Amino acid sequence: MLIVLKDAPSMTCYPEAFSLQINSMREKESLHPYFIPAPLETPHDLQQVSAADLTGFMHAFRRPAIGYGKGAKEWQRRAIKAWHAAARAWENWQFPQAEKVLAQLEKNTRMSPPVLRESIANHFRVITAGEMGAWLDEIREARAGDPGRKPYPPLAFVIASGNIPGAALQHLVQLSLLGIPALVKSASAEPHLIPAILVTLAQQDAEIASRLLALIWPRENKEATAAVLALQPKVIALGDDDTMQRLQAQTGRALMPFGDRFSAAIIHAHTAKVQTLHKLAYDYVMFDGKGCLSPQVVMVIAGHWREVEQLAVHFAGVLAEENQKWPAGNWSIAEKSLIQQWRGEWQARRAVGEKITLFQPEDTSWTVVAAEEFDLEQRVAFRTVRLLWMKSFDEVMLVLKNYSTKIQALAVEIQDLEYAQLALDLDEQEEVLGRLICAPGELQRPIFAWMAANRQWFELTYGMRL
Amino acid sequence: MLNSDSKFSILDHRSSTFDPRPSILDFILTVDLAAFEEERFNHLALQLFRYQLQNNPVYRKFCEQASPPVTNPRKWHEIPAVTTSAFKYVPLACFPPEQAVAVFHTSGTTAQRAGKHYFRALEFYRAAIMRSFRAYALPDREKILMLFLGPTAEHFPHSSLGDMFSTLQRECGTIESTTFFTPEKLLLSDFFETVANAGDEKKPVFILATAFNLLQCMDELQARGQRLPLPTSSRILDTGGYKGRTREVSRAEFQNMLGECFEVPKKFLLNEYSMTELSSQLYESQLPGAPLQGDRPGIKFMPPWMRVLAVDPETLQPLPAGEIGLLRIFDLANVDSVMAIQTEDLGRAWQDRIELAGRASGAELRGCSLLTEAIVHEGESVRKVTPLSSS
C-alpha cells in the first residue's frame with residue numbers, strides 16, 4: 001500500500017509509511033495526511049492498524065466542513081479548478097501511471113481495457129467546471145434565506161462497492177466541493193481507482209485533496225469500522241442489499257444507503273432506429289452491464305409479438321457489433337456459469353411454449369432474449385439483454401409501478417405525451433427521488449447534479465431538510 | 001467386440017412401447033461397481049435418451065430447439081444437457097407431474113425460486129442409493145447405529161437428502177437409529193448424550209450429516225471444551241459443502257476438525273456428493289473394501305450408471321479428462337426426468353471419478369447445507385456455508 005504525504009515527491013511503500021504517519025501523528029497530535037491510496041502492485045489491508053491508531057488518525061482528519069461558511073468561495077473556486085483538471089486528465093487517461101492503473105483495474109474487475117477506459121471516462125465527462133459551478137450555485141440559491149438549513153457534517157464515511165470502479169466518485173466530488181472531510185473505504189476487490197484519482201487531484205491542489213482520505217480494510221476488521229463509526233460520521237454506502245442491511249444495524253439513521261438498483265429502457269418497436277439500438281447497446285456494454293446505471297431490461301412497446309422478435313434480431317446484430325468495439329471482459333468461470341444457467345432457464349421455458357426468442361454467440365460475450373414477461377428482476381448483467389414485450393405504454397406503467405423502489409434510471413425513446421405521463425406518474429411515487437430519465441446512450445453519464453434527486457443526498461449536500 | 005451402434009440400430013425402432021427402464025434397473029442392481037463398460041453405458045444412455053425424447057415433452061422441445069437440434073446422438077456425451085436452473089421453471093418429467101409419487105425441491109434463499117424434481121417411482125432412486133452406499137460407506141456390516149444430523153423424510157418430505165437418509169435408516173440402521181434435526185432445531189445435547197451412551201457400550205455409530213450441522217456440532221463441543229470420541233469402526237459421512245460465506249473452511253481443515261473432535265481415523269471420514277436434480281450419488285471413501293480407491297484425498301467415485309464431463313464454461317464444449325470445468329452429469333437413474341444435467345459445480349472429471357473444485361462462486365447458494373443453515377440460523381450464532389454439493 002502506498003502513502004502520499006503533502007511533500008512527498010513520490011509514492012512510498014505503504015506499511016512503513018503508514019507507521020511513520022501514525023507515529024508522526026502521535027508525536028505531533030496533528031498531521032496532514034492527504035490520503036493513503038491503495039497500492040498498484042500488492043494491496044495490503046489495514047488489519048495491522050489498531051482501532052486506537054485509526055481513531056487518533058480520524059480525530060485529526062475530522063474537522064468542520066466548509067460548506068457555505070467562511071472561506072467557502074475560495075475553497076469552491078480551488079476545488080472546481082482542481083477537479084476539472086483532474087477530470088480532464090482521467091477523461092483522456094493522460095496522467096502518470098495511467099497504464100499501470102488500467103492494468104490493475106483490468107486484473108481486479110476482469111473488464112477489458114477499452115471498456116474500462118470508456119466507462120471510467122464517462123464518470124469524468126460530467127465533472128466540468130461549468131457543471132460543478134452550476135451545482136454549487138443552485139445550492140447557494142436554495143439555501144439563501146431557507147429556515148430549514150442545517151450544518152454540514154464534519155465527517156463523511158463513504159463505503160464504496162467493488163463491482164463498478166469509481167461508482168462513489170460523484171459522491172466524493174460533491175463532498176469535496178463542499179469541503180466535507182470524507183473517508184472512502186474502498187472495496188478490497190477493487191481498491192485502486194479512488195486512491196489513484198486522489199493522487200491526480202493532489203497533483204492539482206494538495207489542500208483540496210487534504211479533506212479526502214482513501215483506505216481499505218477487510219470487512220472482518222470490525223474494530224476499524226467501529227473506530228470510524230464512533231466519530232459519528234454521515235455514512236454513505238454503496239453495495240448490495242445485504243451489505244446495506246448489515247450496515248443499517250451498525251449505523252442506524254446515520255446511514256445513507258445506495259443499495260441494489262437497476263436501470264431499464266423503454267422503446268417502441270415500430271419507431272426504434274438502428275441508431276437507437278446502438279445507443280442502447282452502448283449502455284449495455286459499459287461496465288459489462290453491471291451496476292445500477294446499466295439497463296437490465298428493454299421494455300418494447302409493440303402491437304404484435306413478431307415485431308419484438310424482429311427487433312431482437314436487429315438488437316442481436318447491433319450488440320455483436322458493439323461487442324467488437326467494446327470487447328467483453330475476461331469473466332470468471334462463476335460469471336460464465338451464471339450466464340449459461342441463465343440461458344438454460346430461457347431455453348427450458350421456450351420448450352414449454354412460452355414466447356421466447358434467444359440469440360447468442362458461441363461464447364458467453366452477449367445474449368439477447370426476447371420474451372413476453374413482466375418480471376424485471378431476473379437480472380444477470382454481463383451483457384445479457386432482455387427485450388420484454390409490452391402491449392401498450394399503459395402496460396409499461398403498470399409494470400414499472402411494481403419496481404418503484406428498485407429502478408435507478410430509465411433510458412427512453414417514447415412519445416412526448418408518454419414522457420410527460422412517465423414523469424408525472426413517477427413523480428407521484430416517493431421513490432422517484434434518485435431516478436433519472438434520459439435518452440438511450442446517456443445512462444452511463446448522467447448530469448453532474450442528478451444525485452441531488454435522491455432525498456437523503458439532497459439533504460446532505462444542500463444542508464437542508466426537504 | 002460388440003458394435004454398440006449396430007446393436008442400437010436394431011433396438012431403436014422408436015416404438016412407442018419401448019421402455020429401457022427395466023434394463024436400467026437391472027444394470028443398477030447388478031453391475032460390478034468397479035467396472036465401467038463404455039459400450040453398455042452408451043447403449044443404455046442412448047436408449048434412455050430416446051425414451052425421454054418420446055415421453056418428456058418439455059425435453060423433446062428442448063432438444064428440437066437446440067442449435068443445432070439434437071434428436072439422434074450417437075454417443076452419450078452428445079446428449080443435450082439441461083441446466084439445473086431449468087428445474088426451477090419447467091416440469092421435466094416423462095409423465096404427468098401431478099402423478100408424481102415424490103417431488104424433491106432444491107433449497108435456496110427465500111428470494112430464489114426452488115427447482116423441482118418429479119419422481120414417478122422411487123425404485124431407481126433408492127436402488128442407486130443403496131448400491132453405492134453399501135459399497136462405499138458400509139462395505140463391512142449389514143446394520144449400524146445411525147445418527148442423523150441432517151434432514152429425514154419425516155420432517156423434510158421435499159428434501160431428496162431427507163429421503164436418502166430415511167432410506168438408509170430403514171435399510172441399514174439399527175432399531176436405535178435416530179435423527180437429531182427437525183425443522184425447528186438441531187438437538188445437539190440429545191445427540192451428545194446418545195453418542196456418549198454408544199461409547200459406553202462400545203457400539204460403533206455412523207453419523208450422517210450436512211457439513212453445516214457438523215460445523216455447528218463441533219462449535220458446540222469446542223464451546224463446552226469437550227471432545228466426543230466415537231467407538232472403533234464408527235464413521236462420519238458429510239454432505240452439502242462447508243465453504244463459508246463468512247468464514248471458509250477447507251476440506252482438509254474440516255476433516256482435521258472432525259478427526260480431533262470425534263477421534264475418528266481419516267479413512268472413516270466419508271463425503272457424499274449429489275444434488276436434487278440427480279438420483280445417484282458419488283462418494284469419497286477410503287474404507288477397505290470400497291470398489292474403487294483413490295490415490296489422493298478429494299476424489300469422489302461415481303457408480304457405473306453415471307458419467308461426468310467437465311465442460312468449458314465459455315462454450316459448454318467437453319474438455320479433455322482431468323481439465324477443470326463445469327461438471328455435466330449423465331445419470332441413468334434419472335429415468336423419468338432428464339438424464340443429462342448441466343451443473344454449476346466446478347471440477348475435474350475422469351471415467352469413474354471426479355474431483356470437485358468448488359461451486360462457481362457467483363452461483364446461487366443452494367443445497368442441503370443451506371437448508372440446515374436456515375434452520376440453525378434461528379436463535380443461534382451462525383457460521384454460514386456455501387455448499388459444494390447438495391442432495
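A polar contact is a pair of N or O atoms within 3.5 Å; within protein, one of them must be able to donate a hydrogen and the other to accept it, and residues adjacent in sequence count only if both atoms are side-chain atoms. The structure is a predicted model, in which local features need pLDDT of at least 70 and side-chain atom pairs count only at pLDDT 80 or more, while totals for chains, interfaces and linings use all residues. Residues are numbered from 1 along each chain as its sequence is written, chains are lettered from A and ligands numbered from 1 in the order in which they are written, and side-chain values use heavy atoms, with hydrogens and water left out.

A polar contact of this kind, at 3.1 Å, joins the side chains of B:Asp336 and B:Arg21. B:Asp336 has its place in the loop between strand 13 (325-331) and strand 14 (340-349) of chain B, where helices (H or I, at least four residues) and strands (E, at least two) are DSSP runs numbered from the N terminus. At 5% relative accessibility B:Asp336 counts as buried, a word that means under 20% relative accessible area, with exposed meaning over 50% and partly exposed in between (1.4 Å probe, protein chains only). Leaving aside neighbours within four places in sequence, B:Asp336 is in contact, that is, with heavy atoms within 4.5 Å, with residues including B:Tyr51, B:Leu92, B:Phe95 and B:Arg120.

Chain A has 17 helices and 15 strands, and of its 466 residues 60% count as buried. Among the contacts in chain A with a separation of 6 or more, 76% are accounted for by residues 24 or more positions apart.

One residue of chain A to look at is A:Arg383, found in the loop between strand 12 (367-371) and strand 13 (384-390). The phi of A:Arg383 is near 60°, a positive value in a residue other than glycine; most residues other than glycine have a negative phi. The side chain of A:Arg383 meets that of A:Asp288 in a salt bridge (2.8 Å, N to O), the term for a side-chain nitrogen of Lys or Arg within 4 Å of a carboxyl oxygen of Asp or Glu. A:Asp288 lies in the loop between helix 12 (274-285) and strand 10 (295-301) of chain A, so the pair ties together parts that are 95 residues apart in sequence. A:Arg383 counts as buried at 0% relative accessibility, and A:Asp288 counts as buried at 0% as well.

Over all chains the count comes to 38 salt bridges. In chain A, A:Asp241, A:Asp260, A:Glu377, A:Arg379 and A:Lys406 are linked in a network of them. In chain B, the side chains of B:Glu176 and B:Lys203 meet at 2.8 Å, N to O; B:Glu176 is partly exposed, with a relative accessible area of 37%, and B:Lys203 counts as partly exposed at 27%.

Finally, the two chains meet in a contact that takes 20 residues from chain A and 23 residues from chain B. Between chain A and chain B the count is one salt bridge, in which the side chains of A:Lys336 and B:Glu314 meet (2.9 Å, N to O). The count between these chains is also nine residue pairs in polar contact, both residues being at pLDDT 80 or more.
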